[in-house]
Amino acid sequence: MATAVQDCAVLFQAFTSLNAPTAGGDCCGVTGISCENGRVVRIALASSNLEGVLPDFSKLTELIYLRLEINFLSGRIPTSIGALTKLTIIDIGSNGLTGEIPSSISQMSALQELYIGFNRLTGEIPSGLSSMASHLRVINMAGNRLIGSLPTSYGALTLLTELEIQDNLLIGFIPSEYGSFTRMTDLRLSGNQLTGPIPDELLGLPTAGVLYFQENNFSGPLSPAWTARKNFNGTSNCFDGQTGSNRNPTCDTLSATKTSSSIPSQTAGSIVPSTKPSSPANGGSASTDSTSSNGGLIGGVVGGVLALLLLAGLAYWWFKRSNNSEKKAEISSRANPSSSNANPPNSNRTNNTRDIESEQIEIFSAHESASNPDTTTSGAISSNINSTDFLTSNAARLEEQASNKEKKSSTAPGLLDVFSSSGAATGGSLASANSFMDLKQLKKGSETTHASQWTTEDVCVWAARVLPGIGKTVAVKVMEHGVDGTMLFKLTNEHLRDDLGLVKLQDRMAFLDALERLKGGVDEVVAVGPTGPPVYTP
């Protein structure tokens, strides 16, 4: 018979950061771990900086409560997890778990709440969970990379109060069987690629419940009964009457694809003349239909030829224009032979670096302009508050902070360290600095600042650097909301959408991927230590 010591051995082996309070290896005194009758029955180690793979808990057969969310766990969910037949709540969300969701979860005969959201799980939603209808009440698989369609069999889960599968890659329709969710208080399907109308059967769901269907491709008329609900959100779809920012940009593409696929190809072999016999009632319609079909074919051929001629003309015009531009450039270069050698061989790399730095200075300057009444009409900051002074004080602060910290191999380089590695020339003094190129010299390569201790300005620099296309916009929002290093690792998907303005799913995924690289230290430019995934509250 297993004992608490044997149960604890599983935990200590998996989580080396746990320290045994006694020499005997008993974990029952560890904060967050509870034992009864010599067995571990409760593990509550959320946000405990646990690292490593998710261990095999199958030997902890008396376990009834397991919460390990918001840690740094990786690897797959072990199939042996089905052996935890007494477990009622499992929360392993907001980690870095990968692979498919094991079907053995359906063997957990006492499970009431399942939280596996905000990981990197793939594959389809396991339909076998429908066999847990007698006890399962909560399912949260949000923020993963799940594909496929919504399981129709989930209609049997009549005890469900929460079903959150938002921000995945799901397609297909909402099953009408989901109308059986008469206890549902929170149904979230937003941020997928679901299509079709919303089934009328879902109008039977509790009127006070949360229904988030936004950012999909739902179409057709939207019943006023839906818009009358206080907690219904169907924006950014393809419903009739949705226009502008309230309409999903992919709707027109989908409509054009459906239209083109519904038109049969008109080839000579596909035209079959009508064989319907003529009569006084139809007035010889067979001959008329055949003539009409042939006329349509001829018209199509003529239209195609005209389109080809038009394209050929446009191509010729473009070719002539390109040749003229090249000739002008050649004449200009001959007239000014020294201009072609004005830039050194590494000017491209230097210009790219300068572009990044000027963008960062522009962000900080824009923020100061918005908050400082002494700003000129052109947006420039007054002489007592300028970008040089701001960056100088920031560099001095980082220098002082770095000098008080010991070198740690697991920490991430400070923001000025990161940009100093981009190839800027050494030398120069701070007094003459007008950009980050001069400020970079203040930091020593061996001094580091952990990403969690970044200031709002540091986070702005990081966002502008690692988020191509959207970095500048995100950086402005970061400065506006005062997001520092600690807050960066607690941003939820809703924060990214509502506060940082990342309304597109692909932009939020890019931000989350950047955080993952920040956590794993694989970013090719910004090498940082392990960080936490977005905060997620069940």
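User: Which residue in β14 is the bridge partner of Ile-171?

Analyst: Some ground rules come first: this is a predicted model, in which local features need pLDDT of at least 70 and side-chain atom pairs count only at pLDDT 80 or more, while totals for chains, interfaces and linings use all residues. Residues are numbered from 1 along each chain as its sequence is written, and side-chain values use heavy atoms, with hydrogens and water left out. In general, strands of a sheet pair through backbone hydrogen bonds, in either a parallel or an antiparallel sense. Here strands are DSSP runs of E with at least two residues, helices are runs of H or I with at least four, and both are numbered from the N terminus; two strands pair if DSSP finds at least two bridges between them. In this model, the partner of Ile-171 in β14 is Gln-193, and 2 bridges join the parallel strands β12 (residues 171-172) and β14 (residues 193-196).

User: Which residue in β16 is the bridge partner of Thr-195?

Analyst: That partner is Asn-217, and β14 is joined to β16 (residues 217-220) by 2 bridges, again with the strands running parallel.

User: In what order do the strands of the open sheet follow one another?

Analyst: The order is β3-β5-β7-β9, an open sheet of 4 strands with parallel pairing. Its edge strands, each of which pairs on one side only, are β3 (51-53) and β9 (120-122). Neighbouring strands of this sheet are turned by 10° against each other on average, direction ignored, where the axes are lines fitted to C-alpha atoms and angles between N-to-C directions run from 0 to 180 degrees. Within the sheet, β5 (residues 72-76) and β7 (residues 96-100) pair over 3 bridges, and Arg-76 has Thr-98 as its bridge partner in β7.

User: Which residues of the largest nonpolar core touch the most other members?

Analyst: A nonpolar core is a set of buried Ala, Val, Leu, Ile, Met, Phe, Trp, Tyr and Cys residues joined through side-chain atoms within 4.5 Å, with buried meaning under 20% relative accessible area, exposed over 50%, and partly exposed in between, for a 1.4 Å probe and protein chains only. Of the 65 residues in the largest core, those touching the most other members are Ile-43, Leu-68, Met-141 and Phe-213. The elements giving two or more residues to this core are α1 (4-14) and β2 (39-44), and α1 gives the most, with 5 residues. Apart from this core lies another, of 26 residues, including Phe-489 and Leu-502.

User: Which elements hold Cys-238 and Cys-251?

Analyst: Cys-238 lies in strand β18 (residues 238-239) and Cys-251 in helix α3 (residues 251-262), so the pair ties together parts that are 13 residues apart in sequence. Both cysteines, Cys-238 and Cys-251, are buried.
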